[in-house]
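Please open the structure in a viewer and keep a selection panel at hand.

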Amino acid sequence: MMATPINRALDFVREAVGEASALWWSFFDWLALVEWRKLYVTWFLVFVFGVSFQLTEPAVWFILISFGVKVLAGGKRRAELTAREAADKANVATLERRLMEAQMATLQAQVEPHFLFNTLALIGQLIETDPKEAARVHAHLIEYLRSSLPQMRTKGGGIGGTLGKQVELSRAYLAIMQARMKERLQVRFEVPDFLGSSPFPPMMLQTLIENSIKHGLEPKVTGGTITVRAHVEVATLHVDVCDDGVGIDLHADEGVGLANIRERLALLYGKDAELVIETPPGGGACASIRLPYRMTEFD
């Protein structure tokens with residue numbers, strides 16, 4: 001019968017001690033971090049309050065105790081709190097980086113080469129009609145896969161590549177597409193050699209080329225020409241893929257490929273990069289990736 005009131009009393013005491021401890025440490029942390037100027041103002045207000053309500057002695061004791069705590073232990077506590085805050089920020093940064101890597105990996109997984117099975121079918125067909133051409137397409141496919149698979153497996157889907165590698169990959173891809181489209185596909189590369197070492201995200205250039213062929217040249221009976229060019233303008237690297245195909249409706253919804261590029265650019269560069277779609281006066285379409293220029297990935 002007596003156990004319950006005693007337990008309640010003990011619980012009350014424990015809660016009171018816990019609250020008092022929490023209040024003390026909050027006060028202690030405030031003293032450790034507060035600027036001296038603000039503390040002077042606080043002491044003045046406490047002293048005025050104490051004098052007004054005849055509590056001068058408690059006010060003086062508060063001032064003395066807080067001064068002692070501030071001088072003797074404030075520096076150490078401030079260092080501890082600063083270290084804890086830095087650790088918390090580091091943990092948050094780590095989580096944000098892992099989240100971004102997961103998002104990049106998800107987006108990267110969407111740009112795997114969908115034409116692979118069509119290429120294998122083309123090789124099977126050419127084996128019967130043109131074995132030499134089948135051998136050439138097979139060689140291009142091997143070259144393409146040798147270049148593309150390591151980039152697709154780049155950790156986090158980050159930059160992890162150079163413009164030169166992307167051009168090399170695109171050449172192999174376009175060689176395969178030329179074997180499929182024959183004279184309906186012409187290709188021009190206007191990429192200076194010195195830009196080959198500049199960092200450039202994997203698979204973005206190929207995505208633009210795929211989009212150009214699918215929406216610009218394949219619907220056109222006579223096909224056309226794809227031009228890949230790159231230049232630097234005011235510390236910004238411009239990588240363009242232009243075609244003279246049927247053009248593009250700027251008011252239509254973007255497909256998965258272009259939306260993917262925009263999301264990846266936003267994750268990698270924030271507002272410092274963009275994808276620009278334009279319709280040249282002579283017809284066709286031009287897609288341009290613009291991002292901060294660096295000579296090498298170590299700059």
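The stops below cover a pair of helices and then a sheet.

The model is predicted: local features require pLDDT of at least 70 and side-chain atom pairs count only at pLDDT 80 or more, while totals for chains, interfaces and linings use all residues. Residues are numbered from 1 along each chain as its sequence is written, and side-chain values use heavy atoms, with hydrogens and water left out.

**Helix H7**

Select residues 163-181, which form helix H7. Helices (H or I, at least four residues) and strands (E, at least two) are DSSP runs, numbered from the N terminus. At 1.5 Å a residue, the 19 residues of H7 should span 27 Å, and its end C-alpha atoms, 26 Å apart, agree with this; the expected span is 1.5 Å times one less than the number of residues. Then select Lys 182, which follows H7 and has a positive phi, near 55°.

Axes are lines fitted to C-alpha atoms, for helices over the stretch in contact, and angles run from 0 to 180 degrees between N-to-C directions.

Show the side chains next. On H7, the residues in contact (heavy atoms within 4.5 Å) include Leu 169, Tyr 173 and Met 177; among those they meet on H8 are Leu 205, Ile 209 and Ile 213. The residues of this contact divide into ten nonpolar, three polar and one charged. Ala, Val, Leu, Ile, Met, Phe, Trp, Tyr, Cys and Pro count as nonpolar, Asp, Glu, Lys and Arg as charged, and the others, Gly among them, as polar.

**The sheet**

Turn to the five strands of an open sheet, in the order S1-S2-S3-S5-S4 with mixed pairing. Strands S1 (185-190) and S4 (274-278) stand at the edges, each with a single partner strand, so one side of each has no neighbour in the sheet. The twist averages 15° from one strand to the next.

Select S2 (residues 224-233) and S3 (residues 236-243): these strands run antiparallel and are joined by eight bridges. Two strands pair if DSSP finds at least two bridges between them. Thr 227 has Cys 242 in S3 as its bridge partner.

Finally, select S4 with S5, antiparallel strands joined by five bridges. Ile 277 is bridged to Ala 287 in S5. Six residues lie between the strands of this hairpin, where Gly 283 takes a positive phi near 105°.
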